[in-house]
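Biologist: Could we go through this model together, one contact at a time? I'd like the cut-offs spelled out as we go.

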Amino acid sequence: MMAEVRENERAMKSELVAALYATPGTILTGAIMVATVMGAATVLTGGDLSFGLMTAAMLAIGAFRQMAHRRFMRIDLARAGEAEITQLETLAMIGAWSTAALVAAFGTHAVLSYTYQPVAVLAIAQTIGYLAGISGRNTSRPLVTRVQILIAAFPFMLALIWTRDPAYLVIGLTVALTTVLTFSSAQVIHRMFVARLRTMRDLETLAVSDTITSLYNRRGFMREIRAEAAAGHPVTLISIDIDRFKGINDSFGHDVGDALLQSFGEMLGGELQSGDIAARTGGDEFMVATTRNATEAASFARRLVMLLGSQRVLAGRHVTATASIGIAPAGCATTIDEALKCVDIALYRAKLEGRNRFVIYNEAVQDEHEDSRAIETELREGIRRGEFELLFQPIYNPRSGTATMAEALLRWNHPERGAISPEVFIPLAERTGLITVLGAWALDEAIRTALSWPRNVGVSVNVSARQFDRGHDLVGLVAALLRLHGLEPQRLTIEITESSLIDDAEHVISRLVALRTLGVRIALDDFGTGYSSLSYLAHLPIDTIKIDQAFTEQLGASRKADYLMNAITQLAHDLKLRLIVEGVETPAQLETIQKHAAHGIQGFVFARPMTAEELLPMIGNRVATGRTKSARPGGGPRKGDRFSEVA
């Protein structure tokens, strides 16, 4: 704190000293004019040696003050030490006081030696004009003004009084009054100057600072890093984004969100080293410019990810947040603007890879980014050209051995790239908002296809979190499609995941309630992989939970997994929820599943995803749920992870 106070005092002193050198042109012009008047006095007196010497001295003082100003221009006051600042102040004082002494000598000598001659009038006019000008100068330093007015006025005033001439006595009285007024007003003017200066500094600080974290804002950060680049200093840029910050704001309130930003800002400040520049550049975005190399920056980013990921108590609430970080090493681009693009690409990749991590920009990351942008463009064209299709994977009832439902899975058959994985195009569609278009098409196609199945067989469609956005009426869309095709609402199941609830849980739940009111069933997909699935069961309007494939794979191989499966089965029974197990691929897994009261089994052990035409004859077939049945060849690719979900 004391160091900060001293720095502020040094900065204020440097501003005050700068004001002493603010009018170099005026000082030079004044020196030339005074020297000219003194030279004229020399001529009028027929070559008075004193006036001649004064003329030369005035020119020398003018030259001295110009050299002092050149020295001032060569020094960066923002980085200058106190000794340099004090030296500049001393040079300014010497120049001002020397000028005042020389003007006083000129006026005094003229009045005493040439009392009733024209040169005396010239000297009086020059001296009084100089005294009047002092009151408007050097307002940053009242000491300079007061000493200057005393040096210039006191000898001259005594000389006027010494003549005992009534006119000169009146002039002397005027000089005395001017001296008193200037002397007393110097401090008032100084206070006004300092107040204005502080106001300007405060406004400048506000313009480049973030009010919540006290770090630089984007404007201040850009100013600083451009200055570093202009000085030829290599800069590594680190971009930090707090994951799902909007969800924290919506769930806990803006006071908690602001407290998280402030807490992270303090933590970030504590991790900086000398020369680092940190800023909050957006709502949940921070940036650091550092001289660290790529390896050191990676260690720094790793520590930030770890520190932010630890739980903290903010405004009385327990909050856990994570961060995605992009790093653009020094030298990755030739300009600051290009480096900013590089760090944005690295941050984008960190988010794409699952958040809570950092990515260092390199050529491979750039190539992947450009390919991703190309696919994004092709995605729009693919939707327009109808390159998408639905495949269906049956879900079998283990008691009857018949399919009671089929899950619709979205696939993209690119004319040049071939089959593009949902893990690639679903995230792209979500980020671009195209998921609402794809999702509407998938719902329409799934409902239309289900009309050709027996009435006891339903269809399950995955819905993305983006389809619950407030600007997209998912409930109205489902209601309209059910009316259009005449499908019974209970035959449609909407599958959601925990990610749908992260950003705006209250709104999503209200939409799920509205869907349930229509008669549509709701399933919680990927159960067993999210950290908060159990808490959602308490208040979500769901009919079904689907055990994720990642959990299914552990059954039979892990006793803990079997115990957990028993607990989940009992939980589903107590909550009157249907239980469907996904990803059953082997006879051993199927045998293990049979021990639990599952309502549905889905997996390669029965069938791979297939076209609607291939599915239709299988719906009526019974399968031996107690023994292995070969998967139907050529049925299409397996169901992937959550990115495979139909929008």
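**Rings, charges and exposure**

Biologist: Let's start with phenylalanine 154: what is its relative accessible area?

Modeller: Phenylalanine 154 is found in helix α6 (helices are DSSP runs of H or I with at least four residues, strands are E runs of at least two, both numbered from the N terminus). The residue counts as partly exposed, the class between buried, under 20%, and exposed, over 50%, with a 1.4 Å probe and protein chains only. Its relative accessible area is 49%.

Biologist: Before we go on, what should I know about the model itself?

Modeller: Happy to say! Residues are numbered from 1 along each chain as its sequence is written, and side-chain values use heavy atoms, leaving out hydrogens and water. This is a predicted model, where local features need pLDDT of at least 70 and side-chain atom pairs count only at pLDDT 80 or more, while totals for chains, interfaces and linings use all residues.

Biologist: How many aromatic pairs are there, and how is the pair of tyrosine 116 and tyrosine 168 classed?

Modeller: Rings of Phe, Tyr and Trp (its six-membered ring) pair if their centres lie within 6.5 Å; planes under 30 degrees apart are stacked, over 60 edge-to-face and the rest tilted. The count by this rule is nine aromatic pairs. Tyrosine 116 and tyrosine 168 have ring centres 6.3 Å apart and planes at 15°, so the pair is stacked.

Biologist: How many residues apart in the chain are those two tyrosines?

Modeller: Tyrosine 116 belongs to the loop between α4 (82-113) and α5 (118-134), and tyrosine 168 to helix α7 (residues 166-208). Tyrosine 116 is exposed at 64% relative accessibility, whereas tyrosine 168 is buried at 8%. The pair links distant parts of the chain, with a separation of 52 residues.

Biologist: What is the angle between the planes of phenylalanine 388 and tryptophan 412?

Modeller: These two form a stacked pair, 5.2 Å centre to centre, with an angle of 20°. Phenylalanine 388 lies in strand β8 (residues 388-396) and tryptophan 412 in strand β9 (residues 403-414), 24 residues apart. Both count as buried, phenylalanine 388 at 9% relative accessibility and tryptophan 412 at 1%. To return to the angle you asked for, it is 20°.

Biologist: Which residues are linked with glutamate 381 in a network of salt bridges?

Modeller: Glutamate 381 bridges to arginine 385 at 3.5 Å, N to O. Both lie in helix α13, four residues apart, about one turn of the helix. Glutamate 381 is partly exposed at 30%, as is arginine 385 at 45%. The residues networked with Glu381 are Arg384, Arg385 and Glu387.

Biologist: Finally, is glutamate 488, the partner of arginine 455, buried or exposed?

Modeller: The closest N and O atoms of arginine 455 and glutamate 488 are 2.4 Å apart. Arginine 455 is exposed, at 66% relative accessible area. Glutamate 488, with 18% relative accessibility, counts as buried.

Terms used: A salt bridge is a side-chain nitrogen of Lys or Arg within 4 Å of a carboxyl oxygen of Asp or Glu.
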